[in-house]
Amino acid sequence: MRAASPWWASTSIYQVYPRSFVDSNGDGIGDLPGVVSRLDHLVDLGVKALWLSPFFRSPQRDFGYDISDYRDVAPEYGTLDDAQRLIDEAHRRGLAVIFDLVLNHTSDQHPWFVESRASRTNPRADWYVWAEGSRDRRGRPVPPNNWRSELQLPRAWQWSHERQQWYLASFLSFQPDLNWRNPSVRAEMFDMVRMWLGRGVDGFRLDIFGSCMQDAALRDNAPWPTLYAGIPRVQTPNRTLNTDDCFALAGDLRAVCDEFGPDRILLGEVFGPSSVLRRYVSDGGRAGLHLVFLFDFLAARYSATAYRGLIARFERDFPPPMAPTYVLENHDRARSLSRVGGDLRKARVLATLLCTLRGVAVLYQGQEIGMENRYIPLADAKDPMAQTVARHLPEWLNQRLPERLNRDEVRSPMQWTAAPHAGFCPPDVAPWLPTHDNVLQRNVESQVRDPDSLLTWYRTLLALRAEREALREGRLELAADTARHVIRYDRVGEHERIVVVANLGDSLTEMRLGEGATLLAASDPGCGLNNGAVTLPPHTAAVALLG
Ligand code: NOJ
């Protein structure tokens with residue numbers, strides 16, 4: 001008998017953005033006790049793991065992705081004891097816990113950076129990436145090379161008056177990059193990782209991991225534009241992203257993780273073609289990260305052709321025992337329902353694919369009830385990324401932007417009930433971001449009771465995934481000969497074969513599945529299976545057991 005694959009290869013992960021999940025103490029900001037109070041929602045939904053965006057000490061300029069103490073909890077989110085209680089309470093319910101590890105940069109208010117910036121000779125002078133650059137004819141400082149930040153428009157170098165040198169900031173100016181070539185930085189960061197593993201966390205999501213180490217010789221990036229997972233880049237990041245040193249770092253971090261046994265995992269936030277990203281998982285035979293996000297579904301057009309192409313590519317680049325990681329939305333990108341024009345039929349099709357494809361399914365809080373982007377003009381953005389973009393492109397201030405740019409829009413409070421502020425915080429308190437005005441129809445309380453809701457559909461799919469060996473362990477056979485607007489794949493387990501069919505077109509379609517096929521679940525009551533043929537109305541999907 002084949003050995004069952006490890007838990008993480010077919011897990012389902014629910015991303016909690018703690019600031020917007022549940023406010024338990026009435027300050028308008030979500031917190032860790034709030035997350036604990038709603039863990040049963042995750043259990044009832046049927047996910048197997050919880051990933052928490054950062055809640056560590058931080059000035060909160062990038063809402064936790066700017067850390068000033070990796071070993072402590074930000075007071076507005078709770079205490080270290082609350083973090084421990086969260087780990088323990090999740091485990092008691094059978095949920096794995098994944099924390100967010102921001103290795104690329106700290107806050108500029110981290111004591112390490114405050115010290116590093118103070119002089120060129122202090123004990124932490126080399127804890128960050130400092131460089132000389134040059135001077136122009138008027139004596140003004142010129143950065144050492146052409147590197148742009150991950151935001152594309154701003155450059156990646158920030159000037160320090162104190163040191164008369166540049167420091168690297170791959171993301172925002174107040175997030176200086178740590179110097180991973182410095183053994184003291186490695187030792188300190190790896191110890192911090194051990195501290196949390198010792199407290200019981202099951203793994204980490206690694207924030208912009210591919211930006212951790214750039215070209216040591218600081219050579220220019222290639223100046224031609226490119227596109228990664230739907231995000232246009234003004235230059236090709238051949239010297240700044242996914243360098244050989246980054247792949248090696250993945251292996252070193254894996255070794256730290258493995259000190260705690262085979263069940264702790266690393267999930268990389270990395271960008272690039274899947275054929276490159278697979279090197280994070282296995283680099284010349286050396287094990288690295290267990291999983292990497294494949295972000296292309298977040299940007300892909302809703303179309304059978306586009307999705308079929310992506311599934312085929314991910315199966316090719318991440319064959320078993322590797323596992324592709326599918327994701328439809330997160331705290332940085334547009335809500336998936338908003339991307340398909342608010343059409344709930346399409347959201348149900350997407351849910352079907354996410355929960356039945358081979359590998360890992362990641363859901364973002366609120367996705368299960370069909371939360372949509374909550375429009376907030378760029379001029380009002382709290383999101384520092386949107387503010388930076390607005391500074392560089394002021395002409396965009398009065399326009400409705402391409403969705404991905406104001407991340408506030410996808411961070412509106414979780415919609416628990418139809419009460420004021422959606423039950424996120426007490427009615428007399430203003431939440432840190434406004435709630436969506438669709439809260440009357442889109443909330444957990446009402447959808448739990450509704451057999452036709454999106455939430456009920458997600459629960460059905462996740463229950464099926466837990467029950468069916470073929471959906472967890474089976475290989476995936478993608479049919480190449482379907483009609484243009486149809487996706488069909490079989491999940492082939494040791495003892496069963498399950499077929500998933502989806503009609504992404506505007507007309508009804510019929511497909512032969514063979515005698516003996518039985519319907520396990522359908523996204524719409526109009527789907528039917530008679531005499532071995534399945535009927536799918538427009539924008540529906542079905543899962544069937546083959547005889
Ligand atoms: C990626 C995170 O998902 C995003 O929210 C954050 O702003 C940047 N990394 C910087 O840490």
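Colleague: Why is Ala-422 called buried?
Modeller: Ala-422 has a relative accessible area of 0%. Buried means under 20% relative accessible area, exposed over 50%, and partly exposed in between, with a 1.4 Å probe and protein chains only. Ala-422 is therefore buried.

Colleague: What kind of model is this, and how are residues numbered?
Modeller: This is a predicted model, in which local features need pLDDT of at least 70 and side-chain atom pairs count only at pLDDT 80 or more, while totals for chains, interfaces and linings use all residues. Residues are numbered from 1 along each chain as its sequence is written, and side-chain values use heavy atoms, with hydrogens and water left out.

Colleague: Where is Ala-422 placed, and what is its phi?
Modeller: Ala-422 is in the loop between helix 12 (384-392) and helix 13 (444-448). Helices (H or I, at least four residues) and strands (E, at least two) are DSSP runs, numbered from the N terminus. The phi of Ala-422 is positive, about 60 degrees, although Ala-422 is not a glycine.

Colleague: What about Gln-60: is it buried or exposed?
Modeller: Gln-60 has a relative accessible area of 8%, so it is buried. Gln-60 also has a positive phi, about 65 degrees, without being a glycine. Its loop runs between strand 3 (56-57) and strand 4 (69-73).

Colleague: How do you know how many disulfides there are?
Modeller: A search of the whole structure finds zero disulfides. For Cys-257, the nearest cysteine sulfur is that of Cys-212, 15 Å away. A disulfide is a pair of cysteine sulfur atoms within 2.5 Å, so Cys-257 is in no disulfide.

Colleague: Are Cys-257 and Cys-425 buried or exposed?
Modeller: Cys-257 has a relative accessible area of 1%, so it is buried. Cys-425 has 6%, so it is buried too.

Colleague: What makes the peptide bond from Pro-320 to Pro-321 stand out?
Modeller: That bond is cis, with omega near 5 degrees. Pro-321 is in the loop between helix 9 and strand 18. Met-322 lies in the loop between helix 9 (304-317) and strand 18 (325-327).

Colleague: Is Met-322 buried or exposed, and what does it touch?
Modeller: At a relative accessible area of 13%, Met-322 is buried. Leaving out residues up to four places away in sequence, Met-322 touches Arg-278, Val-281, Ser-282, Asp-317 and Arg-358. Contact means heavy atoms within 4.5 Å.

Colleague: Why is Thr-540 called buried?
Modeller: Thr-540 has 0% relative accessibility, so it counts as buried. Thr-540 is in strand 27 (residues 540-545). Not counting residues up to four places away in sequence, its contacts include Val-349, Val-501 and Cys-527. Thr-540 and Gly-526 are 14 residues apart in sequence, with 8.6 Å from C-alpha to C-alpha.

Colleague: How do you know whether the radius of gyration fits a compact globule?
Modeller: The globule rule is 2.2 Å times the number of residues to the power 0.38, and the radius is taken over C-alpha atoms. For 547 residues a compact globule would be near 24 Å, and the protein has 24 Å, so the value agrees. The C-alpha atoms fill a box of roughly 80 × 55 × 50 Å along the principal axes.

Colleague: What are the totals for elements, burial and contacts?
Modeller: The protein has 15 helices and 27 strands. Of its 547 residues, 62% count as buried. Among contacts between residues at least 6 apart in sequence, 68% join residues at least 24 apart.
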